[in-house]
Amino acid sequence: MNILETIVVKSSRAFDMLAGLILAGTALLVVANIIGRTLLGYSILGTYEMVGFFTASAVGLSLARCAVENGHIAIEFIVEKFKPRVQRLIEIALSIPSMVFLGFASYNLFAYGLRIAHTGEVSPTTQMIFYPYIYLVAFGFLLLSLVVLMQFLKKVCGGDQQ
Amino acid sequence: MSPTAAGLTGIIIFFVLIVFRMPIAYVMALVGFAGFAYLTNLQAAFALVSKDLFSTFSSYSLSVIPMFIWMGFLAFHAGIGTRLYNLAYKMVGHLPGGLAIATQATCALFGAVCGSNTATAATIGAIALPEMRKYNYSPALSTASVAAGGALGVLIPPSVIFIVYGISAEQSVGKLFLAGIVPGLLLMLLYMAVVYILARRNPAIGPAGEKFSWRERLAALGGGLFEVLVIFAISLGGLFAGWFSPTEAGAVGVAGVMLVTLVQGKLNLEIIRKSLTDTTRTTAMIMLLVAAAIIFGRFIAVSRIPFTMAGTVADLAIPPFLVMALILLIYLVLGCFIDALALILLTIPIFLPVAVTVLGYDPIWFGVITVMVVAMGVITPPVGMNVYIIKGVARDIPLEVIFSGIWPFLFAIIVCLAILIAFPGLVTFLPSLLH
């Protein structure tokens, strides 16, 4: 359990940092394109597409860290009024569909990326391959489902303690 | 089961699951997927999830969200709020309730570089509350004024909620930003009037602060106001002038905040790192919510609920304003329990066709009014996100005390709403200038 927690938490932090760098790079690309277009009369070809793909990668890689820090919005005030044991049972019960759905979303995204890779589909403007970005998002969902698994195991092993 | 009955069942399951603390984004995606699979087929639902998730995350129009969020967090960590408060404090701090009045002006100014109500409340709360405590302001007035003032960040552009509404309702983000300016300023003035009246009636709750000479006041002008004007002009000015797309305006805003703070010697790697960490976390939360809402929206569309509802409303023999009042009442009640962003994403596919197609209301006006009603939820019990944030800043003040001070500010929002409903031109005039 501790090993899983360490791996999941550390890797979610590392990928979140990578997501931050990607976002910074995206902003830099957009500004460079504006400067090029305005001052030099030269636009960076494919900026529109790259901004989309980079944003997707950054979002995918930061999903897990957000979940580790309980950043995904939930309504807490009703369940908080229940006894700790009831709260724990509810969380365990509802973690299962979340975990299954997120794992399944990750699997489907990998399958979708594989399909795009096999058909050789590329982006319309720059003819760039984009299936690696789909794999990154799929990986992000896999990590997110592992975070939910970790939280599930913690609740199962944690007795009545919150 | 008919498609509409399946849709209604899905909505009931949605509410049951979110009440039991399941993250709203997970619930929307899960119920949306299951409902879509039930009404079409499993194969179509499989394809829907993977395609919608990737196309939402990689949408250029949604890439505006991390840009404006980063801009706001950079401003937050670079201490722009402190300099703005110093300016407002020197201008009006000597009036009865002057520090709380200065707080409203600071929230509005900070809202011009930050699109988040929670970041605005946290920033200004950390700066203004110690000052108000020093001058013996009543805890209820001081905390409630910051919590309510934070909601100004929702209306004054850039606003993340307006971006999400714009994308969900397929409306121009630039027009929505322009539409929020007058309501935001009007609400700020109403908040100021509320504080002034309360402090005049009972001077003990908001004693006047120190009075500064005009020389000192003019000197303070060069600080915070200059920064905000420069950043606002190059970022949103370019958007309104049609030079930039919203994403470009956000990226230019980020560059603007960095440039201004770099010139002042206040930018360092730690500020960039902290702002990026906050940005990725907030962006992940919002983007997952948007993608999940799109999946849920597909289910609602195939359930034909929006069409059924629009048809039912069209057949009703009651005036449009009563239907609108009913819609706003639903938003008001749900806003007390559900986060503003999630509520907008959840309900716009259902209510927008009714408000715009059937009742004939302007979609920009509807967006501003809806966002304002939903924003009331950030200061009302039991969820009241801004109130919890202020509680985090002023840990010794009980939640009940903060909520007890909120009522006059809620009254100000209702007055503001009434004015905007009576005079819709206040909302639609500025966007009409944008071509």
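B:Asn136 is exposed, its relative accessible area of 59% lying over the 50% cut-off. The structure to which this residue belongs is a predicted model, with an ipTM of 0.94 and a pTM of 0.85. Within chain B the mean pLDDT is 87, and 99% of the residues reach 70 or more. Confidence in that chain is lowest in helix 16 (residues 305-315), where the mean is 77, and highest in helix 11 (residues 173-201), at 94.

Most residues other than glycine have a negative phi, and most peptide bonds are trans. B:Asn136, in the loop between helix 7 (117-134) and helix 8 (139-150) of chain B, has a positive phi of about 60° although it is not a glycine. B:Arg304 likewise is not a glycine and has a positive phi, of about 65°. B:Arg304 is placed in the loop between helix 15 (269-302) and helix 16 of chain B, and its relative accessibility of 47% makes it partly exposed. A cis peptide bond, with omega near 0°, runs from B:Pro157 to B:Pro158; B:Pro158 belongs to the loop between helix 9 (152-155) and helix 10 (160-169) of chain B.

The helices of chain B can be examined next. Helix 5 (residues 80-92) has 13 residues, which at 1.5 Å a residue should span 18 Å; its end C-alpha atoms are 19 Å apart, in agreement with that expectation. Among the buried residues of helix 5 of chain B are B:Ile80, B:Leu84, B:Leu87 and B:Ala88, and also B:Arg83 and B:Lys90. B:Met372, in helix 19 (residues 363-376) of chain B, is buried at a relative accessible area of 1%. B:Met372 and B:Ala151 are 221 residues apart in sequence, yet their C-alpha atoms are 8.7 Å apart in space.

Charged pairs come next. Side chains of opposite charge can pair when their charged atoms come close. Over all chains, the structure holds 12 salt bridges. In one of them, the closest N and O atoms of A:Glu5 and A:Lys154 are 3.3 Å apart. This pair links distant parts of the chain, 149 residues apart: A:Glu5 is in helix 1 (residues 2-40) of chain A and A:Lys154 in helix 4 (residues 131-157) of chain A. A:Glu5 is partly exposed at 22%, as is A:Lys154 at 41%.

Other salt bridges join the chains. B:Arg281 meets A:Glu69 at 3.5 Å, N to O. Because B:Arg281 lies in helix 15 of chain B and A:Glu69 in the loop between helix 2 (47-68) and helix 3 (84-119) of chain A, the pair joins two chains. B:Arg21 forms a salt bridge with A:Glu91, the closest N and O atoms being 2.3 Å apart. This pair also joins two chains, because B:Arg21 lies in the loop between helix 1 (3-19) and helix 2 (24-39) of chain B, and A:Glu91 in helix 3 of chain A. B:Arg21 is buried, with a relative accessible area of 15%. Salt bridges with shared partners join A:Asp16, A:Arg65, A:Glu69, B:Asp278 and B:Arg281 into one network.

Conventions:
Residues are numbered from 1 along each chain as its sequence is written. Chains are lettered from A and ligands numbered from 1 in the order in which they are written. This is a predicted model: local features need pLDDT of at least 70, side-chain atom pairs count only at pLDDT 80 or more; totals for chains, interfaces and linings use all residues. Side-chain values use heavy atoms; hydrogens and water are left out. Helices (H or I, at least four residues) and strands (E, at least two) are DSSP runs, numbered from the N terminus. The expected span of a helix is 1.5 Å times one less than its number of residues. Buried means under 20% relative accessible area, exposed over 50%, partly exposed in between (1.4 Å probe, protein chains only). pLDDT is the predictor's confidence in each residue, from 0 to 100. A salt bridge is a side-chain nitrogen of Lys or Arg within 4 Å of a carboxyl oxygen of Asp or Glu.
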